[in-house]
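Q: Hi! Could you walk me through this one in plain words?

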Amino acid sequence: MLEHLLTKIRSFGIPRIIIILFLLSLWISAAFLSIPFPALLSDTFVRLGMNTVLTLSMLPSILVGTSLFFGLPLGIICGLLGGVMSIELNLKGLTAFFAAIGFSIPLAILVGYGYGLLLNRVKGSEMTVGTYVGFAFVSLMSFGWVTLPFKNPEMAWAIGKGIRVTVSLEGRFSNVLNKLWAFELYGVKIPTGALVFLGVMCLFMGLFLRTRTGLAMQECGMNPKFAKASGINVDRMRILGTIISTILGAIGILTYAQGFGFLQLYEAPMYMGFIAAAAILIGGASLKTAKISHVIIGTFLFQGILVVALPVANTVATLGSLAEISRIIVSNGIILYALAQKGGNE
Amino acid sequence: MTQVRRFLTNNAVSILFVVIGVLGLRVSGLSLPFFLEDIVNRLARNSFMVLSLIIPVLAGLGLNFAIVLGAMAGQAAIIVVTHWKIPGVGGILLAILLAFPLAVVLGILTGRLLNRARGKEMITTLILGFFSNGIYQLVFLLLVGSVIPMKNDVLVLSSGVGLRTSIDLTGGLKNGLDDLLRIPFPVCAAVTGILLLGVYMVGFFRRRSVRIGKLVGIGVLALFLIGWGLFQVYTRSMFNFVRVPVGTFLIVLGLCVFITFFTRTKLGQDMRTVGQDRHIAEVAGIDSDRIRIIAMVMSTVLASIGQIVFLQNLGTFSTYGSHEQAGMFAIAALLIGGASVAKATIGQALLGTLLFHTMFIVSPLAGRTLFGDAQLGEFFRAFVAYGIIGLSLALHSWKKQMQAREEARRSV
């Protein structure tokens with residue numbers, strides 16, 4: 001009986017249990033500190049809407065066998081460029097949001113294609129190479145943000161040249177999805193639009209994975225030799241997976257930005273890949289397998305912790321930076337745990 | 001001709017950075033003595049840290065991004081010593097002693113983790129660096145003052161919990177090692193020249209099989225150093241104001257000798273075998289897991305000393321930031337020197353440190369002259385640091401893939 005329970009726990013994953021217990025204990029302490037629970041839940045939903053698409057970008061990459069998508073900053077930068085273009089064209093509201101996505105997708109396809117070509121040459125070291133290519137691209141784009149000829153005064157520095165480090169989306173597409181069809185339930189604000197949007201994205205992904213191409217892609221990740229033998233062009237599939245991941249990264253940062261209210265440029269995208277990777281791993285994915293349910297559960301748990309940690313820490317007063325510290329420890333800890341699992345040689 | 005071409009392709013990265021450095025130096029408009037002052041200081045500061053990367057490469061663990069852990073151990077020791085107000089060389093020795101057990105423990109843990117994450121060592125050390133940074137912040141930002149008792153108005157925040165974001169070592173460890181002995185640069189050059197000459201004379205009379213070309217080259221270099229040094233001393237030029245921290249360089253030299261010596265011991269040879277082919281090593285009866293842990297422990301301990309050397313030279317540090325970049329910059333420096341994931345030598349480490357810091361000095365200035373904006377120069381050097389790591393990791397992996405394909409074709 002006990003043994004049976006132990007194997008069950010092990011298959012569920014010890015870190016996942018720790019994280020769920022951590023979240024529960026945070027919730028309980030929040031209750032004791034009389035922090036309004038509905039507000040916490042509202043925030044968690046908003047964060048879920050903001051982050052799920054970024055987490056989703058890990059999925060194609062894992063399934064096609066290129067492991068965690070640490071090249072996420074590449075996609076994010078495409079998305080940011082789309083956002084900046086939409087502001088430059090003076091668009092507003094949902095139009096601005098979808099136009100930004102529209103501008104960013106061709107860029108993401110281009111960048112994703114190039115990145116996919118690179119990943120095909122570095123099979124086995126995708127994560128390390130991806131991390132540094134991402135970092136390098138972020139610092140290269142820092143040149144871009146300074147020198148690209150965007151004219152809109154909303155985005156420019158008062159003195160000097162270049163775009164600001166954070167561009168406000170107030171009056172542009174700040175909260176457009178969150179406010180869409182939003183309603184309140186027992187004091188919990190439900191950002192319906194954002195949740196519907198992420199639902200649609202996940203649905204598309206789910207449908208795609210059931211198509212011929214989608215199945216072929218998963219075959220490449222599970223058993224590249226078998227895939228090759230059955231006539232699938234593995235390298236092409238890997239490029240396709242990378243492109244989809246990059247596009248999702250671009251859309252992801254725009255949904256993130258609409259909830260956050262700002263576009264964060266320059267060095268901000270650098271570490272976002274690790275947060276998204278941590279989220280999907282918390283949800284139950286490994287370096288080789290992942291499901292859409294992992295994306296949603298993981299994002300909910302991870303963001304849930306971050307939302308609750310901040311007010312709890314602030315009430316205990318002296319622990320001001322607990323939220324940031326627990327983010328660093330939890331996110332990198334879970335990635336380390338996944339790396340230390342048997343099998344899945346990089 | 002083919003020799004020249006091979007030299008160029010094998011050292012393409014270093015040559016590129018020599019060109020960048022020289023051009024940058026010209027554009028930046030820095031005077032030579034001023035530049036020399038800066039670069040000598042930076043060499044003293046960072047060489048030790050870069051050298052601490054060599055042993056894991058030897059053991060086949062690749063580039064050890066987890067020297068960040070060693071840096072943290074060193075920094076923790078510095079904080080303690082600064083708290084106790086022990087200045088100078090004594091403080092530095094104490095810091096090294098204090099950091100030692102911590103670095104050993106961290107090294108063992110890292111080694112064991114890497115044995116579980118075989119084939120994914122580099123990404124694991126990279127993430128481990130981020131992870132331990134969280135633990136470091138937890139300890140020094142939240143636990144110090146609340147759980148760990150510490151009363152110090154200078155170091156601790158006014159709330160009584162957590163350390164201040166920057167710590168000044170002036171009057172404490174600052175330059176403790178550097179100021180042991182400072183000699184004007186030209187004198188240093190002349191003395192180096194004499195030593196070089198002496199060493200090669202001895203070598204020449206002992207063994208007759210020394211290559212003539214090499215001997216002549218060394219001889220010319222030695223005579224040039226002596227002549228130039230004496231001339232500068234005689235003319236009392238600006239170069240005499242560049243004062244070399246000899247003590248620090250002696251420690252770096254000591255580490256170079258140690259590494260050279262170590263690679264010839266039984267343990268060093270075992271390490272090399274494990275690095276080349278683990279299966280052969282296992283067949284030969286070498287416990288590769290143990291060897292890998294030893295390599296990590298050595299690297300972590302050296303990095304802890306490296307960080308202490310680094311910070312005593314810098315004289316001030318950001319409590320929550322100084323260690324973070326240590327790993328990345330050291331690795332970029334090593335790679336710029338021409339090292340790869342699979343091979344790194346002392347010469348590459350030193351050359352890389354020189355070239356990397358040359359770029360560090362000149363790029364903001366060059367950025368200001370060329371684009372009217374120093375920040376662009378800073379973006380440039382960040383781009384180069386990240387880019388060079390990404391590029392050389394990619395090239396290494398590509399080469400490995402091509403080799404595997406070649407072998408597969410041959411076996412068919």
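This is a predicted model: local features need pLDDT of at least 70, side-chain atom pairs count only at pLDDT 80 or more; totals for chains, interfaces and linings use all residues.

A: Happy to; we can go from overall scores to the chain contact, then to helix packing and some single residues.

Q: Let's move to helix packing in chain A. How do α3 and α14 cross?
A: Helix α3 (residues 37-56) and helix α14 (residues 292-315) of chain A have axes that come within 8 Å and cross at roughly 135 degrees. That angle is therefore one that makes α3(A) and α14(A) oblique to each other. Their crossing is right-handed.

Q: Which residues make the contact?
A: From α3(A) you have A:L40, A:D43, A:T44, A:R47, A:L48, A:N51, A:T52, A:T55 and A:L56. From α14(A) come A:V295, A:I296, A:G298, A:T299, A:F300, A:Q303, A:G304, A:V307 and A:V308. By class, the contact of α3(A) with α14(A) has eight nonpolar, eight polar and two charged residues.

Q: α14(A) also crosses α13(A), I see. At what angle?
A: Roughly 110 degrees, with the axes of α13(A) and α14(A) coming within 6 Å. The two helices are therefore roughly perpendicular to each other. On the α13(A) side the contact uses A:A278, A:A279, A:I280, A:L281 and A:I282. On the α14(A) side it uses A:H294, A:V295, A:G298, A:T299, A:L301 and A:F302.

Q: One more pair: how do α5 and α7 of chain A pack?
A: Helix α5 (residues 72-88) and helix α7 (residues 126-147) of chain A pack at an angle of about 30 degrees, and their axes are 7 Å apart. Under 35 degrees counts as roughly parallel, so α5(A) is roughly parallel to α7(A). The contact pairs A:L72, A:P73, A:L74 and A:I77 of α5(A) with A:G134, A:F137, A:V138 and A:M141 of α7(A). Seven of these residues are nonpolar, one is polar and none is charged.

Q: Change of topic: how many residues of helix α1 in chain A are buried?
A: Zero of its 11 residues (2-12), so helix α1 of chain A is hardly covered. Just after α1(A), A:G13 takes a positive phi of about 95 degrees.

Q: What about A:S67 and its phi?
A: A:S67 has a positive phi, near 65 degrees, and is a residue other than glycine. You'll find A:S67 in the loop between α4 (58-64) and α5 of chain A. A:S67 is buried because 26 other C-beta atoms lie within 10 Å.

Q: And A:Y266, buried or exposed?
A: Buried, with 20 other C-beta atoms within 10 Å of A:Y266. A:Y266 lies in the loop between β4 (262-264) and α13 (272-282) of chain A, and its phi is positive, near 55 degrees.

Q: Back to chain B. Where is B:P87, and what does it touch?
A: B:P87 sits in the loop between α5 (67-84) and α6 of chain B. Not counting residues up to four places away in sequence, B:P87 touches B:G171, B:G172, B:L173 and B:G176. It counts as partly exposed, with 16 C-beta neighbours inside 10 Å.

Q: Last one: is B:V257 buried or exposed?
A: B:V257 is exposed, with 11 other C-beta atoms within 10 Å. B:V257 is found in helix α10 (residues 246-264) of chain B. The C-alpha atoms of B:V257 and B:I346 are separated by 9.6 Å, and the two residues are 89 residues apart along the chain.

Methods. Residues are numbered from 1 along each chain as its sequence is written. Chains are lettered from A and ligands numbered from 1 in the order in which they are written. Axes are lines fitted to C-alpha atoms, for helices over the stretch in contact, and angles run from 0 to 180 degrees between N-to-C directions. Helices (H or I, at least four residues) and strands (E, at least two) are DSSP runs, numbered from the N terminus. Angles under 35 degrees count as roughly parallel, over 145 as roughly antiparallel, 65 to 115 as roughly perpendicular and the rest as oblique. A crossing is left-handed if the near helix is turned anticlockwise from the far one by less than a right angle, and right-handed if clockwise. Two residues are in contact if their C-beta atoms, placed from the backbone, lie within 7 Å. Ala, Val, Leu, Ile, Met, Phe, Trp, Tyr, Cys and Pro count as nonpolar, Asp, Glu, Lys and Arg as charged, and the others, Gly among them, as polar. A residue is buried if 20 or more other C-beta atoms lie within 10 Å of its own, exposed if 12 or fewer, and partly exposed in between; C-beta atoms are placed from the backbone.
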